[in-house]
Amino acid sequence: MRTKRLAIVGCGKLANIVVEAFIKGLLPDYKLIGTFSRTFSKAEGIAKHIQDLETSYKCILCHSIEELLDLKPDYIVETASPTALRELALPALINGSSIITLSMGAFADVDFYENVKKTALKYGTRVHLASGAIGGFDVLRTVSLMEACLVTFETKKGPNSLRNTNVYNETLQTEERRVFEGDAIEAITLFPTQVNVAVAASLASTGPKNMKVSIDSIAGYVGDDHRIEIKSEQVHAIIDVYSKTAQIAGWSVVNTLRNITSPIAF
Ligand SMILES: NC(=O)C1=CN([C@@H]2O[C@H](COP(=O)(O)OP(=O)(O)OC[C@H]3O[C@@H](n4cnc5c(N)ncnc54)[C@H](O)[C@@H]3O)[C@@H](O)[C@H]2O)C=CC1
Ligand SMILES: O=C([O-])CC(=O)C(=O)O
């Protein structure tokens with residue numbers, strides 16, 4: 001099998017986990033050939049790490065998405081933001097680059113999602129939704145194929161992660177309160193980079209409009225807990241993932257990349 005050409009867009013905390021795995025040798029089927037980030041110094045940091053490995057190829061530090069696409073990567077890891085995914089997805093898929101994304105919140109826009117599907121199909125490329133801070137896409141997809149079902153998504157967060165959102169006020173530092181109830185579209189609109197997971201679970205099951213989402217703010221709470229419940233006539237499943245940090249999301253990209261080239265696929 002030919003080694004896959006890999007590039008990264010959005011070189012922050014989660015991208016660095018992918019790079020750490022790459023340096024440890026956990027992604028032997030890939031060459032990391034390019035980086036691009038809105039914060040130039042972050043993309044530069046990753047490109048330098050790869051250059052220090054003295055590989056037989058160069059990791060190119062790109063100044064724009066266009067420059068990165070010119071490198072003709074087979075796969076692009078998108079760890080930037082839902083806005084970045086919206087800008088990147090169609091040009092990348094047309095360019096012959098498949099995408100591994102953590103910012104699937106952008107797909108709450110049904111027209112965009114359908115356009116991405118059509119384009120990927122036309123150009124023989126794919127979009128892989130990494131499991132991120134949750135799991136259970138297999139159960140959600142299987143049960144929703146099988147029969148009618150209801151899916152709910154409940155998140156617990158500490159108040160500090162809600163700062164800079166409309167629901168935040170100082171009373172959250174001492175009280176427990178439900179700060180959001182609505183569907184997955186309303187959730188990602190109000191929290192544009194924080195509930196990609198809710199959109200992901202909805203896309204794997206009943207769709208963004210049909211999934212009930214709630215967010216509880218708990219004073220002093222560290223980390224995030226996401227509890228997904230699916231109920232149909234025959235199946236009742238609960239997928240509950242607590243994580244102290246978002247690192248699990250970075251590692252889920254590593255897992256997706258390994259699955260793409262593995263002879264045994266999960
Ligand atoms: N699906 C999931 O479970 C999770 C998804 N996420 C998503 O992953 C994204 C990355 O998370 P972190 O690494 O923690 O964030 P971060 O803030 O550490 O890194 C993001 C990087 O992307 C760059 N960036 C932002 N917009 C860009 C654009 N339009 N084009 C190019 N680069 C851009 C920034 O300069 C920054 O270096 C988050 O924004 C969030 O939407 C985060 C946690 C869990
Ligand atoms: O880290 C988390 O728990 C979830 C998150 O940020 C997202 O879905 O965007």
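**View 1. The shell around ligand 1, by residue class and by origin, in a predicted model.** In this predicted model, the shell around ligand 1 comprises 12 nonpolar, 11 polar and three charged residues. Of the 26 residues around ligand 1, those that come nearest are G10, G12, L14, A84 and G132. Two or more residues of this shell are given by each of the elements α1 (13-23), α4 (82-94) and α8 (196-203). Domain 1 (4-133 + 248-261) and domain 2 (137-245) each supply at least three residues to the shell around ligand 1. As to confidence, the protein has an average pLDDT of 97, with 100% of the residues scoring at least 70, and the model has an ipTM of 0.98 and a pTM of 0.98.

**View 2. The surroundings of ligand 2.** The residues that surround ligand 2 are G132, A133, T193, Q194, V195, N196, V197, D224, A246 and A249. Sorted by class, this shell has five nonpolar, four polar and one charged residues. Ligand 2 lies between domain 1 (4-133 + 248-261) and domain 2 (137-245), because both domains give residues to the shell around it.

**View 3. The contact between domain 1 and domain 2.** The protein is divided into domain 1, made of residues 4-133 + 248-261, and domain 2, made of residues 137-245. Taken over C-alpha atoms, the centres of domain 1 and domain 2 are separated by 25 Å. Across the boundary, 13 residues of domain 1 are in contact with 17 residues of domain 2, and the side of domain 1 that touches domain 2 consists of eight nonpolar, five polar and no charged residues.

**View 4. The largest nonpolar core, with A198 as one of its members.** The largest nonpolar core contains 79 residues, of which A198, V199 and A201 touch the most other members. At least three residues of this core come from each of domain 1 (4-133 + 248-261) and domain 2 (137-245). When residues up to four places away in sequence are not counted, A198 touches F153, A184, A187, M211 and V213. As a general background to such a view, nonpolar side chains in soluble globular proteins tend to be buried together.

**View 5. Helix α1 and the elements against which its buried residues pack.** The buried residues in α1 are L14, A15, I17, V18, V19 and F22. The buried residues of this helix pack against the elements β1 (4-9), β2 (30-36), α2 (40-52), β4 (75-78) and α9 (247-261). After α1 comes G25, whose phi is positive, near 90°.

**View 6. P82 in helix α4.** P82 is found in helix α4 and counts as buried, because it has 21 C-beta neighbours inside 10 Å, where 20 or more are required. Apart from its neighbours within four places in sequence, P82 is in contact with S103, G105, A106, P192, T193 and N196. P82 and E54 are 28 residues apart along the chain, and their C-alpha atoms are separated by 33 Å.

**View 7. D240 in strand β11.** D240 has its place in strand β11, which covers residues 236-243. Because 13 other C-beta atoms lie within 10 Å, D240 is partly exposed. Its contacts, leaving aside neighbours within four places in sequence, are with D225 and R227. D240 and H226 are 14 residues apart in sequence, and from C-alpha to C-alpha they are 5.7 Å apart in space.

Conventions:
Residues are numbered from 1 along each chain as its sequence is written. Chains are lettered from A and ligands numbered from 1 in the order in which they are written. This is a predicted model: local features need pLDDT of at least 70, side-chain atom pairs count only at pLDDT 80 or more; totals for chains, interfaces and linings use all residues. A nonpolar core is a set of buried Ala, Val, Leu, Ile, Met, Phe, Trp, Tyr and Cys residues joined through C-beta atoms within 7 Å. A residue is buried if 20 or more other C-beta atoms lie within 10 Å of its own, exposed if 12 or fewer, and partly exposed in between; C-beta atoms are placed from the backbone. Domain bounds come from an automatic or database domain assignment. Two residues are in contact if their C-beta atoms, placed from the backbone, lie within 7 Å. A residue is near a molecule or strand if its C-beta atom, placed from the backbone, lies within 6 Å of it. Helices (H or I, at least four residues) and strands (E, at least two) are DSSP runs, numbered from the N terminus. Ala, Val, Leu, Ile, Met, Phe, Trp, Tyr, Cys and Pro count as nonpolar, Asp, Glu, Lys and Arg as charged, and the others, Gly among them, as polar. pLDDT is the predictor's confidence in each residue, from 0 to 100.
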